[in-house]
Every structure is written in structure tokens, then in C-alpha cells.
Amino acid sequence: MSRPAHRRPAYHKINKDLFVLTYGALVAQLCKDYEKDEDVNQYLDKMGYGIGTRLVEDFLARSCVGRCHSYSEITDIIAQVAFKMYLGITPSVTCNNSSRNEFSLILDKNPLVEFVEELPAGRSSLCYCNLLCGIIRGALEMVHLAADVTFLQDRLRGDSVTEIGITFLKKREEKKYRRKK
Amino acid sequence: MADEALFLLLHNEMVSGVYKSAEQGEVENGRCITKLENMGFRVGQGLIERFTKDTARFKDELDIMKFICKDFWTTVFKKQIDNLRTNHQGIYVLQDNKFRLLTQMSAGKQYLEHASKYLAFTCGLIRGGLSNLGIKSIVTAEVSSMPACSGVHVQNMQDCCTGTYKAMWFAASIPHHLYLAFLPCYPSQLLPLPCPSLIPPQQTPVCDAPLPVSMCSHCSTSAYE
């Protein structure tokens with residue numbers, strides 16, 4: 001039985017500026033609402049989580065990637081397929097430890113900060129793109145992978161590059177089905 | 001290229017986030033729409049600057065409205081406004097039969113009352129765009145089960161220095177029709193149509209953004225007071 005030929009529907013692309021500006025307006029509003037940077041970061045992460053849980057379905061439907069067999073494969077797909085599809089950039093992937101469950105995505109170009117010159121005064125620990133961390137975390141959780149995603153370095157905070165760290169956590173032990181004897 | 005899905009999901013999350021914090025009692029319910037609308041306003045200002053960078057000067061208000069219906073709407077929502085009506089006295093009714101931010105929702109009447117939440121941002125988008133093009137407006141949205149009727153009292157409102165037109169934006173949805181109506185009115189005037197937000201004319205949008213998200217020309221003194 002042969003599979004039907006794969007047709008790619010014409011996906012409409014809303015102008016990239018709309019998303020970037022909307023995100024900027026959102027962060028500005030959050031900065032007005034919350035005094036502490038941690039609260040803003042947490043809110044962005046939570047929001048990103050909600051987006052990620054839904055975005056992963058869209059991603060899987062469009063990209064038709066196969067099953068992954070290792071964490072490094074997953075990180076490669078996030079960097080080369082997902083980021084490319086949604087943000088048009090391809091971050092580079094590095095592995096941080098020998099047990100191969102900690103990875104870094106290094107973004108040399110971040111479209112979300114296109115219109116941002118610098119963080120405002122008094123907001124030095126704001127993770128402007130924390131939404132991305134939440135999105136990755138939510139998406140991974142929907143495919144049953146627990147991960148910790150944070151910003152290790154951020155150009156807006158003075159570092160040389162923007163680096164997102166993904167740490168895959170141990171899977172929750174699945175209950176083994178026991179046969180009743 | 002930010003995909004459409006990304007913006008749609010971000011928009012939905014923004015709406016639910018604003019309303020969730022309202023439930024916790026941090027903000028009054030009525031202010032949620034204003035919050036979303038103000039966010040849309042900032043985005044609209046920035047967007048229109050980028051779109052009209054190289055376009056010719058607009059001849060008149062109708063020209064601006066046509067630009068909004070065709071180019072602006074196409075760039076933002078990838079389709080044109082389906083119908084534009086005007087009474088040539090500052091009232092404009094724009095109709096979108098398949099509004100992209102609502103297509104993901106059930107076509108029946110189930111979520112009709114919630115639909116206005118998802119239009120507040122676009123209200124602000126249009127208002128911001130018009131504001132940077134020199135038109136002060138009040139834009140509201142209405143979603144009803146029948147086409148919006150323009151049974152609204154029209155009164156030309158002119159300032160002594162500049163002619164300003166107040167605008168109203170209606171949206172009706174069957175299943176996803178969107179009516180945008182612009183009409184001159186006094187903000188305090190009682191209108192028979194539900195208005196999610198009425199921005200008083202004295203409230204000049206100020207770029208008080210903590211982040212220099214866009215280098216907006218509005219940062220200098222407003223010429224539209």
C-alpha cells in the first residue's frame with residue numbers, strides 16, 4: 001500500500017515584523033505590570049510553555065520528522081528544522097557534557113530583538129526572549145521529554161552571544177505492567 | 001520567517017494571560033480590553049511606519065482607508081478586506097468575511113461573546129496605524145450573529161486646528177464576518193452598539209515604552225492634539 005504523495009499546502013506567512021513588534025509590546029506591558037524581573041521572566045516562560053504545547057503539533061504536522069533516537073538528534077531537529085521554520089534562523093548546537101543530555105543552542109542572529117537596542121535601566125536581569133525557552137520546554141513536554149531550558153548567555157545582557165541551554169531530565173519511571181499471577 | 005501559527009498562538013496566549021490576571025483581581029475586567037488594545041496600538045504604529053516607508057503621500061482619508069483595506073490588511077492578515085463602505089462623512093465600514101484571528105474558533109454561536117476579546121488587539125492595530133497616518137480615531141469591534149447595521153447617529157466633529165474624525169470599528173461574524181465601521185462621534189455619546197473600548201480624545205498615546213522596541217516618530221511632540 002503506497003502512501004499518497006505528500007502535498008505541501010501554501011502556508012500563509014504573516015509578516016515577521018508583526019510578530020516581533022507584538023512580542024515587544026507584550027514585554028513592555030509586562031514590564032509595566034510587574035516590578036521584578038523574575039516575575040516577568042516567569043510569566044514569559046509560562047506563556048511560552050502554553051504556546052509550545054500547541055506549536056509542537058503544528059510543527060510535527062508540517063515538518064513530518066521521523067522518530068528521534070537520541071537527545072542530540074532532537075536538539076539538532078529543534079535547531080535546524082523548528083527554528084528555521086518559525087524564526088528563519090539556524091542556531092548552532094553544541095553538547096555540553098559527556099553524558100550527552102545537556103546541549104546549547106547558540107543564536108548569532110535573534111529576530112526577536114531586531115528592534116531592541118538595549119534593556120531598559122533597572123531591568124538588567126530581564127530575559128527578553130524567555131518566551132523561546134518556554135516554547136521549547138512546552139514542546140518537549142508534549143512529546144514526553146522533560147527538559148530544563150534556560151538562557152545561559154544573552155547578548156542583551158552584555159554577553160557575547162545568545163545561548164539557550166537545554167538539559168534533558170531523566171524520564172519519569174514508567175509503571176511496569178505487572179501480570180496478575 | 002515567523003509563521004502565522006506563531007503569531008496566532010502568541011495572540012491567544014496574550015488574551016488568556018491578560019484575562020487570567022484579571023480573574024486574580026489584579027485588574028478590573030473592563031481594563032483587559034484596554035490593555036490589549038493599547039498593545040495593538042503600539043504595534044500598529046510601528047507596523048505602519050515600516051509599511052509606508054516608501055509609499056507616496058496619501059491624497060485623502062479615503063485613500064488611507066483603501067490602503068488599510070488592501071495593502072495593510074494583506075500584509076498583516078494575508079487577505080484584503082472584503083467590503084468597504086463609507087458615508088463620506090467619516091464613517092467607514094470594513095467587512096472581513098473570514099477574519100484570520102477568529103477562523104480557529106467554532107463557527108457557531110458558542111464563543112460569540114468571547115470573540116470581542118480576540119478583536120481588541122486588532123482594534124488597537126488599526127487605531128495605531130491610523131494615528132501614525134494622521135487620523136485620530138476610535139476603533140471598536142462588534143461581533144454579533146447578524147450583520148451590523150449602521151443605525152448610529154452621525155455627527156461631524158471638527159477641532160479648531162485640525163479636522164479629527166472619530167472612528168468606530170464594528171465586527172460582525174457569520175461565521176467570521178468582520179465589519180469595521182468608522183464614524184465621527186463624541187466619546188461620551190451613548191451609542192447603541194457595544195464598544196469594547198472608548199479612548200478619550202485627550203489621551204494622547206505616548207511612547208512610554210521601557211524598551212525602545214521601535215524608533216517611533218511619535219516620540220516627539222504629537223501634531224495631532
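**Exercise 1. Find which chains the salt bridge between B:R50 and A:D17 joins, and state its N to O distance.**

Solution. In this predicted model, the side chains of B:R50 and A:D17 meet in a salt bridge with an N to O distance of 2.7 Å, where a salt bridge is a side-chain nitrogen of Lys or Arg within 4 Å of a carboxyl oxygen of Asp or Glu. Next, place each residue: B:R50 lies in helix α2 (residues 29-51) of chain B and A:D17 in helix α1 of chain A, so the pair joins two chains. Helices (H or I, at least four residues) are DSSP runs, as are strands (E, at least two), and both are numbered from the N terminus. Over all chains, a search of the whole structure finds nine salt bridges.

Residues are numbered from 1 along each chain as its sequence is written, and chains are lettered from A and ligands numbered from 1 in the order in which they are written. Local features need pLDDT of at least 70, side-chain atom pairs count only at pLDDT 80 or more, and totals for chains, interfaces and linings use all residues, while side-chain values use heavy atoms, with hydrogens and water left out.

**Exercise 2. Describe how α1(A) and α2(A) cross, and which residues meet there.**

Solution. Begin with the axes, which are lines fitted to C-alpha atoms, for helices over the stretch in contact, with angles from 0 to 180 degrees between N-to-C directions. The axes of α1(A) and α2(A) come within 10 Å and cross at roughly 140°. The two helices are therefore oblique to each other, given that angles under 35 degrees count as roughly parallel, over 145 as roughly antiparallel, 65 to 115 as roughly perpendicular and the rest as oblique. Then list the contact (heavy atoms within 4.5 Å): A:Y23, A:L26, A:V27, A:L30 and A:C31 in α1(A) meet A:V40, A:Y43, A:L44 and A:M47 in α2(A). By class, this contact has nine nonpolar, no polar and no charged residues, where Ala, Val, Leu, Ile, Met, Phe, Trp, Tyr, Cys and Pro count as nonpolar, Asp, Glu, Lys and Arg as charged, and the others, Gly among them, as polar.

**Exercise 3. Work out the geometry and the residue classes of the contact of α2(A) with α4(A).**

Solution. The axes of helix α2 (residues 37-63) of chain A and α4(A) come within 6 Å and cross at roughly 40°, and the helices are therefore oblique to each other. The contact includes A:L44, A:G48 and A:G52 of α2(A), and A:G134, A:G138 and A:E141 of α4(A). Its residues divide into 11 nonpolar, eight polar and three charged.

**Exercise 4. Determine how α3(B) packs with α5(B).**

Solution. Helix α3 (residues 61-77) and helix α5 (residues 120-132) of chain B have axes 12 Å apart and pack at an angle of about 130°, which makes α3(B) oblique to α5(B). Among the residues in contact are B:I68, B:F72 and B:W73 of α3(B), and B:L125 and B:I126 of α5(B). By class, the contact has 10 nonpolar, one polar and no charged residues.
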